[in-house]
Amino acid sequence: MEAAQVRGREAVFAPVLHRYRAREVGTALLFLAPSLVLFGLFTFWPLVRTFDLSFYGSDIIGRPTLFVGTRQYGQLLASPALRDTLVATVLFAGMTVIPSLVLGLVLALLLQARIAAIGVFRTLMATPFAFSVATAAVVFAIFYNPGVGVFNGFLQLLHLRPVGWLTNPSAALPSVAIASVWLQLGYNVLVLSAGLQAIPDEIYEAARLDGARVLAMIRYVTLPLLTPSLFFLLVVTTIISLQSFGQIHILTRGGPANSTTTLVYAIYYNSFAFGNSNFGLSSAMAVVLFAIVVAITAAQFGLLERRVFYR
Amino acid sequence: MRRLALAVAAALFAAACGGGATVQQASPLDNATPPSKPVEVTFWHGFAAGANQDATNALVQKFNDAHKGDIHVTATYQGTYDDTLAKLKAAIQANQPGTLPSLSQIYDIGTRFMIDSKAIQPMQAFIDHDKFSTADLEPNILGYYSIGGKLYSMPWNISTPLLYYNKDAFREAGLDPEKPPQTLDQIRAAAEKLTKKDGSGNITQYGFGAAIYGWFLEQLTAKADLQFCNNGNGRDKNASKVLFNQPEDVKIVDWWTRMVGDGVALNTGRNTTDAQNAFKAGRFAMNLESTGALRGYQSSVKFQLGAGFFPRSTANAGVGGAIPGGASLWIMNGKPSYEQKAAWEFVKFLEQPDNMAYWHTHTGYFPVDKKALNDPADQAWVQQYPLFRAAIDQLHATKLDKATQGCLLGVMPQTRQAAEVGIENAILKKASPQKAMDDAAAAIQPQIDQYNQAVAAK
Amino acid sequence: MSRSIRRGLSYLVLAAVTFVLLFPLLYAISGSLMSAQELSRYPPALIPSSPRLSSFADVLKAIPLARQYLNSAVVSIVVMLGQLVTATSAAYAFGFLRFPLRNLAFAVFLATMMIPWEAVIIPNYLFMAGNGLLNTYPALILPFLATGFGTFLLRQFFLTFPRDLFEAALVDGCGHLRFLWTILVPLSRPALASLGIYAFLQTWNQYFWPLLVTKTSTMQTLQIGISSLRDTEAATAPNFILAGVVLALIPALFLIYVGQRHIVRGLTSGALRG
């Protein structure tokens, strides 16, 4: 099956006048209905309720009893805690997305080597994908353990000073990010390997005949043709990192000194942790998080997608 | 006739659509008869798999066998204490009869909230109705869960804090292994002798280590016979602010900061499991932990274990004492009276001396019933774990007053977190101890205010 | 540099990198076979001196593992099938059909990927509680049957399908459903397999929602069981927890190692290809 000779997503459909056939519209509605109903019930209606809840203070059980209007938003946006939380959120996203893409690319390129048993390596490198956030975080917790951790054990053997991976506020966020990057690498390597394999050999042959060397080939042939996969991963890993919860909960509970409290964790913290039930406040935070995610994704699509080379 | 029909229709409509209060509150004093026997009692607890859960299930089985056909208790694990409380709140909010348990185990720091939730039936109601005698229950333990002489929940799994130490290390350092330090200053002096370095200057053994656990600060405050929150430690009326930035507490945090900063104590963070593992691995020679850790330590440490009273910050030994920690049992009031009474039967069962002795010997929790200590099985256990004596002596040596009753605060779990953040900031040198604790107190104040406002508004 | 040296170097680098990537799994397996003593040493041991399976037995005693495996499997399979159905039909509409507001509708689907689950968890919980669905399979399954991500993935894939083939089929009198079922689906097997595996694993690995809506240990899923090991008294012995981790990983690892080729093929043919 040959790929169509198209450029850009709109051109998939030949430029036809915008005439819609009733039957086609009806079929479309039928095909979209199940998803839309489910989204309505479990995503959009709850979101509306959350938005509604954000205008109420919560009583001690968590019931929305006191209408406070936008005061909660005012308090939230003015609080220095929110600033720290946003900084942590953005830092965490940066520390997770960029390394996981770069490392994923490097590993995928390595896996292009034409040696026997490359398939074995490729399969093994997918291992992190099998881990859940819970299982990965539990294992990394043992690595980072402040008293008897494996990593500090290594450092001790090398006569180096131990690191407060999870007890030092400057180290905690990177430590959690390392666990996240590891977890994400499995999938990233899979996707990028697939993308690399899809590049036909003829193109490389042609480039080689033109005298291109390895690095130049990567820069001018591989990367542009890989942009669909890279873009896809960029969007997906950014969204995932902005919503990361499990690894923070298991490794640091948002500490030490709130250094790993991202916005999602703050939402959880205010809703469920330590006897909290400030659903009004956490709903306001959730709305803020939603706005941020939408803004960043829209920016990615707006600014970057046009550079994606769909061929 | 038409009006009656309309009223019936309205009632049926309300019942069918589940709007409004579908959970009826019942008094245990009424004599409603159950529609069918056995009466089902659902019991929520926070014991994950292990000895505690096994002991719980064994007691439940024993009760069910003794009450066959009459009452049937089903105990289910709901997650950690925090998760159990979160689920309970959600269930109260959902307000559907089936979602609430009959009986729930809630940790000590959830006490004020449970009382203010108005979703519980105080134990005192059953005690008065049954003319149950609480004379045999430890007054120092009942003290935590009573306000103005009225008992709200039944204490069940109680633990107290101790100072654990490595007797071998003591001997090596020239310290008397039978005389553990009693004050923070004495701990400091001992820690300096106990810290060992190897040839290249790396520390192989620290003198002291403890998790940054807010409970320890609360205990040290009680040992100094001081209150942790105002308004009579929250017992005269709802507390309106915390006192953990008072001079004595700042002194304690300063002591801790210096211990870590001067390299005689290891900071393993806020997680108690991490500190326990480090102690077991011999990373430090003295450790603060609860009686709950005793059996685990005894079975896994490779050195000779010692245990002494939890330290005090002050020189005066005659006042103050330790606060009983752990959890208690709460009967929910949104249930028919026969179900509440059945739950009460189960509670009484658990507090009997023989069952308390079983509970103590199988879990290490402190027996709430004094008579349990005379049970031969219990005495044999204490022979096997003589270090537990320290806990018994410490509890009996405590003078019950507002300080040692413990602070009752609606947002106590969050307050404990705030205290931990304060201590952490001081230890990590992000702020001076005074500033760290002041900031922490300021951070929790809005939540206290919001809580009190919400309670007053109801 | 000679060919064989270059090849040797490739193997070396690959082996080193793979080892680093595999280390958490290797340590989990190794630790699950160690005794508690070995794991509380410092520096900790890396290889068990006398491997034993007792930790696994302890885990099996601690939680009803078989039942929880079953729960996770049932929920994951049903969600996977549900997502395949809803995503395929929705992606078909976006990829092949013309209708007004199509871009807006697609944006709506994308938007669902951005709504943090934490934002809607309480209203969803109240919905389940209010309808008596707590502690049931539907509560674990219903909220996840539709997928913006899956629709996105399949739509990208369908967009690369040659338009002329589609129009030819229609001209031949093939209805949409027949085209979908007899032509498109067989050709999309790799992409569908990839989505299926992803959906299965996502559901298999869920943690917070199952914790909130299940009340009894017979209804809880595997992740809850494994994570509850951390809260047990034996949790101070990491070998116990690692044994649980290994047990939870086995089906996922199997899926990955076996299905990896499908995933690669699925991602190769179409969607992310130029």
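Author: Helices are DSSP runs of H or I with at least four residues, strands are DSSP runs of E with at least two, and both are numbered from the N terminus. What you see above is a predicted model, where local features need pLDDT of at least 70 and side-chain atom pairs count only at pLDDT 80 or more, while totals for chains, interfaces and linings use all residues. Residues are numbered from 1 along each chain as its sequence is written, chains are lettered from A and ligands numbered from 1 in the order in which they are written, and side-chain values use heavy atoms, with hydrogens and water left out.

Reader: Thanks! Which helix of chain B holds both B:Asp439 and B:Lys435?

Author: The side chains of these two residues meet in a salt bridge, 2.8 Å from N to O. A salt bridge here is a side-chain nitrogen of Lys or Arg within 4 Å of a carboxyl oxygen of Asp or Glu. B:Asp439 and B:Lys435 sit four residues apart, about one turn of the helix, and the helix that holds both is α20 (residues 433-457).

Reader: Is B:Lys167 buried or exposed?

Author: B:Lys167 forms a salt bridge with B:Glu178, their closest N and O atoms being 3.4 Å apart. This pair links distant parts of the chain, eleven residues apart, with B:Glu178 in the loop between α7 and α8 of chain B and B:Lys167 in helix α7. Buried means under 20% relative accessible area, exposed over 50%, and partly exposed in between (1.4 Å probe, protein chains only). B:Glu178 has 53% relative accessibility and counts as exposed, whereas B:Lys167, at 9%, counts as buried.

Reader: How many residues of strand β14 of chain B are buried?

Author: Two strands pair if DSSP finds at least two bridges between them. Strand β3 (residues 103-107) of chain B pairs with β14(B) in the antiparallel sense over five bridges, and strand β7 (residues 154-159) of chain B likewise pairs with β14(B) in the antiparallel sense over five bridges. Strand β14 (residues 325-332) is largely enclosed by the rest of the structure, because the number of its eight residues that are buried is eight.

Reader: Which residue in β14(B) is the bridge partner of B:Pro155?

Author: Some other residues give you landmarks along this strand: B:Leu103 stands opposite B:Ile331, and B:Ile120 stands opposite B:Met332. For B:Pro155, the partner in β14(B) is B:Ser328.

Reader: What is the area buried between chain C and chain A?

Author: In this interface, 100 residues of chain C are in contact with 96 residues of chain A, contact meaning heavy atoms within 4.5 Å. Buried area is the accessible area (1.4 Å probe) that two parts lose on being put together, summed over both. Carbon and sulfur atoms give 77% of it here, and the total is about 9300 Å².

Reader: Which helix gives the most to the side of chain C that touches chain A?

Author: Between chain C and chain A the count of salt bridges is zero. The helix that gives the most to this side of chain C, with 16 residues, is α1 (residues 3-32).

Reader: And what is the area buried between chain A and chain B?

Author: That contact takes 25 residues from chain A and 33 residues from chain B. Carbon and sulfur atoms give 53% of the buried area, which is about 2600 Å².

Reader: Which residues in chain A lose the most area to chain B?

Author: Three residues together make up 28% of what the chain A side buries. They are A:Ile60, A:Ile61 and A:Phe274.
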